[in-house]
Amino acid sequence: MATTSSYFVMVGTKDNPLYEAEFGSMARGDVAKKDDLRHLNQFVVHAALDMVDELVWGTPAMYLKVVDKFNEWYVSAFVAPSGVRFMLLHDTPNTDGIRNFFNETHELYIRTLLNPFTDLNGPITSPAFDQKVRAHGRKWL
């Protein structure tokens, strides 16, 4: 299954964005419309963080599946043991693909944290990390 549009963000333990990426048709388009859509995406994902914070206490699973819905958009979440939340705003339910995307991205995040100069709540600016996350997005979403 292919998701036509999705927005991925990693949120730190202090509710700060660590990394953002857009996939599919959301990544293309005119600049003004894209900027408005980016703010809406951030708002929807930020609103869903409260749901994630509530759900994380009721389940031992790291993958929380769909935690919120906004119009035709779904918000899926994955919570790392460190408390970093991986949030995906998407328009097509694809549970297995999203789970695999989260698992591979989490493994990549762990490898990034193994660098002693990486801060847990610092933004991830590595072009190699970005390239690999986008490759995972093309593969699974």
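Before reading any helix pair, I noted how axes are defined: they are lines fitted to C-alpha atoms, for helices over the stretch in contact, and angles run from 0 to 180 degrees between N-to-C directions. I also noted that this is a predicted model.

Entry, helix pair. I looked up H2 against H3. Their axes come within 9 Å and cross at roughly 165 degrees. Angles over 145 count as roughly antiparallel, so H2 is roughly antiparallel to H3. The crossing of H2 past H3 is right-handed.

Entry, contact residues. I listed who touches whom. H2 contributes residues including Gly-97, Phe-101, Leu-108 and Tyr-109. From H3 come, among them, Phe-129, Val-133, His-136 and Trp-140. I sorted the residues of this contact: six are nonpolar, six polar and three charged.

Entry, sheet. In what order do the five strands lie? I read E2-E1-E5-E4-E3, an open sheet with antiparallel pairing. At the edges I found E2 (17–24) and E3 (63–70), each pairing on one side only. From one strand to the next the twist averages 20 degrees.

Entry, E3 with E4. I followed E3 to E4 (residues 73–79) and found six bridges in the antiparallel sense. Phe-70 stands opposite Trp-73 in E4.

Entry, helices on the sheet. H2 (residues 95–113) packs there, touching E1, E2, E3, E4 and E5. I read about 145 degrees between the directions of H2 and E5. H3 (residues 127–140) also packs on the sheet, touching E1 and E2. Its direction makes about 40 degrees with that of E2.

Conventions. Residues are numbered from 1 along each chain as its sequence is written. This is a predicted model: local features need pLDDT of at least 70, side-chain atom pairs count only at pLDDT 80 or more; totals for chains, interfaces and linings use all residues. Side-chain values use heavy atoms; hydrogens and water are left out. Two strands pair if DSSP finds at least two bridges between them. Helices (H or I, at least four residues) and strands (E, at least two) are DSSP runs, numbered from the N terminus. Contact means heavy atoms within 4.5 Å. Angles under 35 degrees count as roughly parallel, over 145 as roughly antiparallel, 65 to 115 as roughly perpendicular and the rest as oblique. A crossing is left-handed if the near helix is turned anticlockwise from the far one by less than a right angle, and right-handed if clockwise. Ala, Val, Leu, Ile, Met, Phe, Trp, Tyr, Cys and Pro count as nonpolar, Asp, Glu, Lys and Arg as charged, and the others, Gly among them, as polar.
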